[in-house]
Amino acid sequence: MDRDIAAADLARYPSADRIGFARLTRMAFEGGDLRPLRDQLIGKLANGTANAGEGLDLALITQLMGDKQTGLALQAEVLAAHQLYRSPCSSERPKLRVLALAAAIDMGGNTPIEFLLENSGIELQTLYVVAGVDLPTPLPEHDVAIVIASDSEECVEALRKIDDLAARWPRPLLNPPRLVRNLDRDKLHGLLRGIDGLEIPTTLSVARAEILPIAQSRAELASLAAELNFPVIMRPRGTHAGVGLVRIDDAAAIARYLAERPAEDFFVSRFVDYSSPDGLFRKYRVVFVGGKPYACHMAIADRWDIWYLNAGMAQSAEKRHEEERFMRDFDDDFALRHRGALAAVASRVGLDYFTIDCAENKNGELLIFEADNTAVVHNMDSPDVFPYKGPTMRKIFDAFAAMLDRARPDREQAA
């Protein structure tokens, strides 16, 4: 690419200021009452004085309060009229300008990048890539761009539009769309299988019509894949955070599962018992920044379908002490023990920023459940209950900011 020509192909556009994802999500996480702010913004919307940023904030508040359908409808209306938004910045004179490329999806469908950049002194603008609206020409001014849209079906068109320009993007473009697409569960299995010291269960995308004969005992589970045996795990395609996730032990359980859910497409994967000798399950989130792994959290529970919010970590000092040791000793323990597997994951995934949810199998190997570029990585937990988390999360945030700074064009030219 001719950088001198391409870099000139940028322009300044009006950017709507927001309260933003991080501040509003923190208010909800801490149990704050969002109703007064919601009502205030509804009033401004009704009398025609709300700007686009306030409209988008209202759409997020509505989702945070549990009304996803209304929130998405409002979001679609706002984004159809305006696509560029500025998040709060901790510096009046930002040291770097970052353009995040997002899809018009629910609040969990884009990387929550605001959490990563709070107090960084970096300016963040988010450009929503929406149906029926072309990317602006020239593109908005920025030093570095990063794709924050996910691998989900709802983001396919947004990723395609970005990818069409990727080779001619006038500034460094991190997390390129072609690599984000590899994170879907069935694709990830194909990408990571065969790595020494790593297990990733066979995962298939299966239509209802394909699995119905098994539910009716007219076909064997192995008809989907030779390596599949009961028990298996099923979930509707496109869901996250354990929604619709169940363990299936026989054909009758598949029949009951299908009867309860209208979805047409599902993920089916081999169940792995990853319980520790004490009978508890331990699940880890690891963040990769520029290819280097960092500890994010550790959840411990007596159930296999574990994620942080159902593990009761805040209620158990013993669990928190174990998580603290995991975070404190990560580089010299977990990351060292799985050094080869983690390096191979970073290389094959290839993204500048992503996370994995993982465990250790009975053989002590790294067991991968999923990889994601949109998992929530935050520092909202109470410092009184989790005093060890702040410094650990700051390491991630600092590494993320440093990665963006290294990517800026003037750094490339200096090198």
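Residues are numbered from 1 along each chain as its sequence is written, and side-chain values use heavy atoms, with hydrogens and water left out.

The mean pLDDT (the predictor's confidence in each residue, from 0 to 100) is 92 for the protein. A value of 70 or more is reached by 96% of the residues. Residues 1-7 fall below 50. Beyond near neighbours in sequence, this stretch makes 14 contacts in the model, contact meaning heavy atoms within 4.5 Å. Where pLDDT is low, the predicted coordinates should not be read in detail.

An open sheet is built from four strands in the order β10-β13-β11-β12. Helices (H or I, at least four residues) and strands (E, at least two) are DSSP runs, numbered from the N terminus. The pairing is antiparallel; two strands pair if DSSP finds at least two bridges between them. Strands β10 (203-207) and β12 (246-248) form the edges, each pairing on one side only. Neighbouring strands of the sheet are turned by 35 degrees against each other on average, direction ignored. Axes are lines fitted to C-alpha atoms, for helices over the stretch in contact, and angles run from 0 to 180 degrees between N-to-C directions. Strand β11 (residues 232-236) is joined to β12 by three bridges. Within this antiparallel pair, M234 stands opposite V246 of β12.

Two helices contact the sheet. Helix α9 (residues 185-192) packs on it, touching β10, β11 and β13 (265-270). The direction of α9 makes about 150 degrees with that of β10. Helix α10 (residues 208-215) lies across β10, β11 and β13, and runs at about 95 degrees to β10. In α10, R208, I211, P213, I214 and A215 are buried. Buried means under 20% relative accessible area, exposed over 50%, and partly exposed in between (1.4 Å probe, protein chains only). The cover over the buried residues of α10 includes β10, β11, α11 (251-260) and β13.

The largest nonpolar core has 68 residues. Such a core is a set of buried Ala, Val, Leu, Ile, Met, Phe, Trp, Tyr and Cys residues joined through side-chain atoms within 4.5 Å. The residues with the most contacts inside this core are L101, W169, L192, L198, V345, I356 and I368. Helix α14 (residues 339-349) gives the most to the core, with six residues. Leaving aside residues up to four places away in sequence, I356 touches Y284, R285, V286, F288, L342, V345, I368, E370 and A371. A second, separate core holds 48 residues, including I146, I148, V287 and M380.

The structure holds 14 aromatic pairs. Rings of Phe, Tyr and Trp (its six-membered ring) pair if their centres lie within 6.5 Å; planes under 30 degrees apart count as stacked, over 60 as edge-to-face and the rest as tilted. The ring centres of Y284 and F334 are 4.8 Å apart and their planes stand at 50 degrees, so this pair is tilted. The pair links distant parts of the chain, 50 residues apart: Y284 belongs to strand β14 (residues 281-289) and F334 to helix α13 (residues 334-337). Both Y284 and F334 are buried. One aromatic cluster is formed by Y284, F326, F330 and F334. The loop between α12 (317-328) and α13 contains D329. D329 is partly exposed, with a relative accessible area of 28%.

Two peptide bonds are described next. The bond from T137 to P138 is cis, with omega near -5 degrees. P138 is found in the loop between β5 (122-129) and β6 (139-140). A cis bond also joins F230 and P231, with omega about 0 degrees. P231 is in the loop between α10 and β11.

S217 is found in that loop between α10 and β11. S217 has a positive phi of about 60 degrees although it is not a glycine. At 60% relative accessibility, S217 is exposed. N175, not a glycine either, has a positive phi of about 50 degrees. N175 is located in the loop between β8 (173-174) and α8 (177-180). With 1% relative accessibility, N175 is buried.

Note on methods
This is a predicted model: local features need pLDDT of at least 70, side-chain atom pairs count only at pLDDT 80 or more; totals for chains, interfaces and linings use all residues.
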